[in-house]
Amino acid sequence: MTITHLKLGKPEAERAEDDANVRKVVETTLRDIETRGDAAIRELSAKFDNYEPANFRLTPSEIEAAMQKVSARDMEDIRFAQTQIRTFAEAQRASMTDIEVETLPGVILGHKNIPVQSVGCYVPGGKFPMVASAHMSVLTATVAGVPRIVASAPPMNGAPHPAIVAAMQLGGAHEIYVLGGMQAVGAMAIGTETIDPVHMLVGPGNAFVAEAKRQLYGRVGIDLFAGPTETMVIADDTVDAELCATDLLGQAEHGYNSPACLITTSRKLAQDTLAEIDRLLQILPTRETASVSWQDYGEVILCDTHDEMLQVANDMAYEHVQIMTDRDDWFLDNMHSYGALFLGPRTNVANGDKVIGTNHTLPTKKAGRYTGGLWVGKFLKTHSYQRITSDEAATTIGEYGSRLCMLEGFVGHAEQCNVRVRRYGGKNIAYGASAE
């Protein structure tokens with residue numbers, strides 16, 4: 001068994017140094033927002049987005065004016081995408097049911113799925129307006145039943161981006177802000193004089209947004225720890241270099257630090273894909289970004305067998321994993337660490353990003369080993385409850401509870417049980433003793 005790296009990206013040590021620099025900037029920024037509130041975010045907005053409105057929150061008339069700028073065709077496409085996403089999210093929500101069971105006569109246990117009460121949905125702008133991110137966060141929170149949904153996105157050319165505003169409004173946002181980057185995330189989580197804080201933050205973003213969410217976790221909930229987008233293509237000789245190269249560069253254009261990796265059993269496919277990437281980077285309009293990302297973060301890994309490809313893929317746990325082999329279902333059955341799978345040559349990550357119906361906010365940096373992506377269930381909290389309805393059940397459970405509490409030395413705990421045994425079981429238990 002041999003695993004050969006035909007191309008390697010930037011060393012891990014350099015990536016760690018980049019992360020450390022981002023961490024310091026975010027720490028300072030969040031502290032400033034907490035101290036100075038609106039004044040801090042106004043300065044940051046002016047500095048990074050050259051945008052200083054009277055109020056960052058859009059009024060209903062401003063929302064309507066922005067939506068009027070969206071073409072009929074674009075509005076139709078947005079509605080189509082939201083229909084697909086809503087349909088899948090509603091099916092997911094229907095799969096999550098409240099339960100109640102009687103485990104012993106008179107002992108009733110259950111759980112309820114309760115929506116988070118307020119959510120801040122960040123929609124990235126930057127080089128590309130991420131209209132689809134509004135569907136993925138705002139619309140999914142709406143299906144979950146979140147009663148307060150706050151959405152924020154940076155301005156584009158000094159004004160709200162019409163299509164993003166339309167997607168937020170159609171998705172069900174209750175408050176829409178034109179505010180970008182870590183200042184938006186910080187303002188929604190911490191709160192300012194004009195922005196009430198939320199209970200949870202969701203949505204993708206650049207390295208500074210991701211780090212801000214990481215630092216704010218605990219103060220608020222988050223969907224997941226997400227870094228720059230990652231894409232992996234697992235392919236054998238059933239497909240060609242054009243498909244592989246196109247799919248790798250299609251995600252590398254996201255930013256200057258977007259990892260893209262080809263894993264294959266075919267040396268010819270690997271070499272042809274490298275050549276095809278060089279060709280496409282001469283004509284791709286976004287080559288300025290994609291070429292840097294591919295140079296610094298692109299990898300090509302040659303394996304002897306499909307089992308080796310599976311092993312490497314599970315170890316790397318990439319966000320998007322596109323599988324184009326003679327045994328796609330085998331990978332579906334055996335992959336266990338990833339963000340989302342895209343099976344077969346007819347499927348691609350762009351479909352998942354924009355329109356097919358699954359959510360595109362997914363785990364990166366190996367977080368797929370312990371969590372899945374954003375979905376309707378992320379906005380729901382499962383809370384348990386208990387009820388004892390008979391004297392007999394109160395006595396039985398109380399006696400077991402008393403003894404188990406005393407086993408651990410918790411006398412006060414034991415008395416909670418004992419008082420029920422005395423009251424509902426008519427048994428005389430000395431104070432501070434365990435039930436017999």
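**Domains and a helix pair**

User: Which domains does the domain assignment of the protein chain give?

Analyst: With bounds from an automatic or database assignment, the chain has domain 1 (20-95 + 115-223), domain 2 (228-373) and domain 3 (390-435). This is a predicted model, in which local features need pLDDT of at least 70 and side-chain atom pairs count only at pLDDT 80 or more, while totals for chains, interfaces and linings use all residues. Residues are numbered from 1 along each chain as its sequence is written, and side-chain values use heavy atoms, leaving out hydrogens and water. The domains given are therefore domain 1, domain 2 and domain 3.

User: How much area do domain 1 and domain 2 bury between them?

Analyst: The C-alpha centres of domain 1 and domain 2 lie 28 Å apart, and their contact (heavy atoms within 4.5 Å) takes 16 residues from domain 1 and 15 residues from domain 2. Of the buried area (accessible area, 1.4 Å probe, lost by both parts on being put together), 65% is on carbon and sulfur atoms, and the total is about 1200 Å².

User: How is H3 oriented to H6, oblique or roughly parallel?

Analyst: Helix H3 (residues 60-68) and helix H6 (residues 162-171), both DSSP runs (H or I) of at least four residues, pack with their axes, lines fitted to C-alpha atoms over the stretch in contact, 8 Å apart and at an angle of about 120 degrees. Angles under 35 degrees count as roughly parallel, over 145 as roughly antiparallel, 65 to 115 as roughly perpendicular and the rest as oblique, so H3 is to H6 oblique.

Conventions. Axes are lines fitted to C-alpha atoms, for helices over the stretch in contact, and angles run from 0 to 180 degrees between N-to-C directions. Helices (H or I, at least four residues) and strands (E, at least two) are DSSP runs, numbered from the N terminus. Buried area is the accessible area (1.4 Å probe) that two parts lose on being put together, summed over both.
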